[in-house]
Amino acid sequence: MIRETLNARRLLCPLPVIRTQDKVKQLKPGDQLEVICTDPGVMQDIPAWCRINGHKVLEIRSAEYEYIIVLEVC
Amino acid sequence: MNQQKKAIALISGGLDSMLAAKTVMEQGVHVEGINFFTGFCVEGHTHAIREKDKAKPKRNNALWVAEQLGIKLHIVDVIEEYKNVLINPKHGYGANMNPCLDCKIFMVNKAKQWLVEKNFDFIITGEVIGQRPMSQRKWTMPIIAEQSGADDRLLRPLCALNLPPTLPEREGWVDREKLHSITGRSRKPQMAMAEKFGLNDYAQPAGGCCFLTDKNYSAKLVDLWQAKQTKEYELDDIMLLKVGRHIRPRPHFKLIVAREEGEGRFMEGYKREFISLKCSSHSGPLVLVDGDPSAEDLYLAASITARYGHGKNAEVVDMAITDKDGVERTIQVKPLAGETLPEGWAI
C-alpha cells in the first residue's frame with residue numbers, strides 16, 4: 001500500500017475531481033490518496049465521485065481555507 | 001444469448017441528458033456517463049468563490065445526476081483541445097461567444113473516440129429538436145451526427161421519433177416505440193417524464209451551463225483577446241474572467257477588482273502573477289493589475305482602487321502596491337472622483 005498526496009489547491013471544481021480521477025487511475029486497490037484543495041465544492045464532489053466509482057472516503061477535514069480528503073482506492 | 005449493449009451518455013448535469021440516459025437504461029442497456037470540462041462550464045465555479053452564493057449547493061450536477069442514475073461518470077478535461085473550437089468555430093458563434101454547434105460536434109466526436117477505445121456500442125445525448133436556437137434544430141441534427149463521425153450510432157432518445165431510425169433502433173438494441181418525440185422549448189414533457197421516473201430534484205440552469213452564452217462574460221473574453229491582439233487564452237485567463245469587476249482604463253492594462261471577501265481570497269492566489277493593490281489606510285478590495293502598467297498607470301490604478309474602498313471620500317488614502325516578487329511599497333493617492341467611471345472603462 002502506498003499513500004500519495006495530490007495538490008489541488010487553487011483549482012476550481014470539477015478540476016480537483018478530474019485530477020483525483022486521473023491520479024487514482026495510476027494507483028492500485030488499497031492505495032491511499034490525500035487530496036488538498038481550496039475549493040469548498042470538493043467536500044461534496046470528491047465523495048460523490050468516490051461513491052459512483054466505488055472508492056472509499058477515509059477522512060474529510062478542513063483547516064483554514066483548505067479542504068483535505070483522504071480516499072482509499074477500491 | 002445476446003450480449004448486453006453498452007452506451008455512453010453525454011451528461012451535462014441538466015434534466016434532458018438525465019432523462020435521455022434513463023430512457024435507455026430502462027431498456028436494459030448498460031449506460032455510463034461522460035462529461036467534458038471546457039473551462040467555461042458554469043458548474044459550481046462562481047458559487048464556490050462568491051460569498052453571496054454560499055447558500056447554494058456546491059454540488060457538481062453531472063456527478064449528482066450520475067449518482068441519481070446509478071451510473072459511472074467519466075469527467076474529461078478538454079481545456080486545451082477546446083481552444084480550437086472556440087477560436088475557429090466552423091459554424092460561427094451564437095448570440096454571444098458561444099460556438100454551440102461546433103461545441104456539440106466536438107463533444108460527440110470525443111464521445112465517439114471514447115466509444116471506440118472502450119468498445120461501447122452507441123452514444124446518447126439529451127438533444128431535443130427546437131430546444132436551443134443554435135445547436136438543437138432539425139437541420140443541425142444530421143450535421144452533428146455526420147461531422148462528429150458518430151453517424152447513426154448517435155441516439156437522441158427524447159426526440160428520436162422525429163428523426164430517422166438509428167443503428168441501435170434498427171438492430172433492436174433499443175425499442176424505438178419506447179423512445180420519445182419531444183420538440184420545442186417547453187419543459188413540460190420533460191418535467192412529466194421526470195415525475196414518471198421519480199426524479200424530483202434536478203438542475204434547471206436559466207442560461208444554460210456555459211459561460212460563453214453570457215453577454216457580460218463574452219464581452220470580457222473579447223476584451224481579453226483585443227488586449228492580447230490574438231484569440232488565445234490560458235486557463236487562468238478565463239477563470240479570472242469569472243471573478244471581480246473588470247476595468248480597462250488604458251488599452252495596455254486592466255484592473256480586476258474583488259467584489260467581496262470570497263473573490264478576494266480566490267484572487268490572493270494570483271498575487272505572484274500580477275501586480276496587486278490594496279488600500280492600507282482604509283478597508284478596501286484586493287485589485288489585480290493585468291498588463292504592463294507604467295508608474296503613471298499604477299497611480300491611476302491606485303486611484304481607481306481607492307474609489308471601491310471605505311476611503312473613497314477621503315482626500316488621500318495610502319495604497320500598498322505589491323509587485324510579482326512580493327515587494328511592497330506604499331503611495332498616497334487621491335480616490336478617483338465621480339459617480340461613475342468614464343465611459344468605456346467598465347468591461
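**View 1. F120(B), at 8% relative accessibility, counts as buried, and F120(B) pairs with W114(B).** Buried means under 20% relative accessible area, exposed over 50%, and partly exposed in between, with a 1.4 Å probe and protein chains only. The model is predicted: local features need pLDDT of at least 70, side-chain atom pairs count only at pLDDT 80 or more, and totals for chains, interfaces and linings use all residues. Residues are numbered from 1 along each chain as its sequence is written, chains are lettered from A and ligands numbered from 1 in the order in which they are written, and side-chain values use heavy atoms, with hydrogens and water left out. W114(B) also counts as buried, at 11% relative accessibility. The rings of W114(B) and F120(B) are edge-to-face, with 4.9 Å from centre to centre and 75° between the planes. Rings of Phe, Tyr and Trp (its six-membered ring) pair if their centres lie within 6.5 Å; planes under 30 degrees apart count as stacked, over 60 as edge-to-face and the rest as tilted.

**View 2. Six-residue ring cluster of F40(B), Y82(B), F106(B), F211(B), Y217(B) and Y233(B).** These residues are linked into a cluster by ring pairs. Over all chains, the structure holds nine aromatic pairs. K83(B) lies over the face of Y233(B), 5.5 Å from the ring centre. A charge sits over a ring if NZ of Lys or CZ of Arg is within 6 Å of the ring centre and within 35 degrees of the ring normal.

**View 3. R10(A) over the face of Y270(B).** The distance from R10(A) to the ring centre of Y270(B) is 4.2 Å.

**View 4. Largest cavity, with a volume of about 50 Å³.** A search of the whole structure finds one cavity of 30 Å³ or more. On a 1 Å grid over the protein atoms alone, a cavity is a set of points where a 1.4 Å probe fits but cannot get out, and lining residues have an atom within 4 Å of a point. Grid points are joined across faces, edges and corners, and a volume is the space filled by probe spheres set on the points. The lining consists of L224(B), D237(B), L240(B), L241(B), H246(B), K254(B), I256(B), F274(B) and D290(B). By class, five lining residues are nonpolar, one is polar and three are charged. Helix 10 (235-240) and strand 7 (253-257) of chain B each supply at least two lining residues. Helices (H or I, at least four residues) and strands (E, at least two) are DSSP runs, numbered from the N terminus.

View 5. D318(B) is partly exposed, with a relative accessible area of 25%. Leaving out residues up to four places away in sequence, D318(B) touches K278(B), C279(B), S280(B), S281(B), T330(B), I331(B) and Q332(B); contact means heavy atoms within 4.5 Å. K278(B) is 40 residues from D318(B) in sequence and 8.8 Å away in space, C-alpha to C-alpha.

**View 6. Cis peptide bond between C13(A) and P14(A).** Omega of this bond is about 10°. P14(A) is found in the loop between strand 1 (3-8) and helix 1 (15-25) of chain A.

**View 7. Positive phi at E64(A) and N119(B).** Most residues other than glycine have a negative phi. Phi of E64(A) is near 55°, and E64(A) is exposed, with a relative accessible area of 76%. N119(B) has a phi of about 60° and is exposed at 58%.

Technical notes
1 Å grid on protein atoms, 1.4 Å probe; cavity = no way out; pocket = protein on both sides within 12 Å on 5 of 7 lines; lining within 4 Å. Nonpolar A, V, L, I, M, F, W, Y, C, P; charged D, E, K, R; others polar.
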